[in-house]
Amino acid sequence: MHLLAFIPHRDVFPVLRAYQRVLFAGGVEGAYSFPPAAPLALLSRPLSAAALKTLAGALREESLAGGRDGKFRSGPAVVQDLPELFGSIRALLGIELDGLPGTAAPEQAGAEVLYRFPRPALCTALILNTVPPQDSIPPVFSFRAAALANIDLSFRPISAAGSIRGYTAEWETGPLVWLPKL
């Protein structure tokens, strides 16, 4: 499957990985099953570099609209249901991002959009149910540097003694198209 994803600067990755370790230690098996990104839309095909550049510019403008300072700030943990295309994986557990609009950029992506994620969140785990883990208090952070990219994502079931016990995910992130600098 093809995704349009919002990817923070790599300086945020250590904070996200530390939170994923806490989730995994707390029993969330899918805590490492997605790249450090916020999926914005499920696509029928990857977007062109020109389309990504246009969307990146629109996201930067929105991050500055209404007197905002262009920062994306972490918010509360959020669980959002996933479309049937994800199979047995029922929900995404993530960190909501203030300053990242939920609908503006994917609308400009055109006919390629099959599904628009309603609440942009940096994915920290893909989970098999829609119940958030107890005590999952996300870290507090902010950043300005971010990019858009196409991500190709696939899932494979993990079998143990003849039965399916979970899944593994593989992804390939396309070239990053950075939001314009401030």
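Author: A salt bridge here is a side-chain nitrogen of Lys or Arg within 4 Å of a carboxyl oxygen of Asp or Glu. The model is predicted, so local features need pLDDT of at least 70 and side-chain atom pairs count only at pLDDT 80 or more, while totals for chains, interfaces and linings use all residues. Residues are numbered from 1 along each chain as its sequence is written, and side-chain values use heavy atoms, with hydrogens and water left out.

The count is 3 salt bridges. In general, side chains of opposite charge can pair when their charged atoms come close.

Start with aspartate 69. Its side chain meets that of arginine 73 in a salt bridge, at 2.7 Å from N to O. Aspartate 69 also forms a salt bridge with arginine 144, where the closest N and O atoms are 3.8 Å apart. This second pair links distant parts of the chain, 75 residues apart. Arginine 144 sits in the loop between strand 7 (142-143) and strand 8 (146-160). Aspartate 69 sits in the loop between helix 2 and strand 3. Helices (H or I, at least four residues) and strands (E, at least two) are DSSP runs, numbered from the N terminus. Together, Asp69, Arg73 and Arg144 are linked in a network of salt bridges.

How covered is this network? Buried means under 20% relative accessible area, exposed over 50%, and partly exposed in between (1.4 Å probe, protein chains only). Aspartate 69, at 29%, is partly exposed. Arginine 73 is partly exposed at 33%. Arginine 144 is partly exposed too, at 35%.

Now the other pair. Arginine 45 and glutamate 112 meet in a salt bridge through their side chains, at 2.6 Å from N to O. They too link distant parts of the chain, 67 residues apart. Arginine 45 lies in the loop between strand 2 (38-43) and helix 2 (49-64). Glutamate 112 lies in the loop between helix 3 (104-108) and strand 5 (113-116). Glutamate 112 is buried, at 14% relative accessible area.

Last, the setting. The protein chain has 3 helices and 10 strands. Strand 3 covers residues 72-81 and pairs with strand 4 in the antiparallel sense over 7 bridges; strands pair if DSSP finds at least two bridges between them. Valine 79 stands opposite leucine 93 in strand 4. Strand 4 (residues 91-98) has 6 of its 8 residues buried, so it is largely enclosed by the rest of the structure. Strand 4 also pairs with strand 6 (residues 121-127), antiparallel, over 6 bridges.
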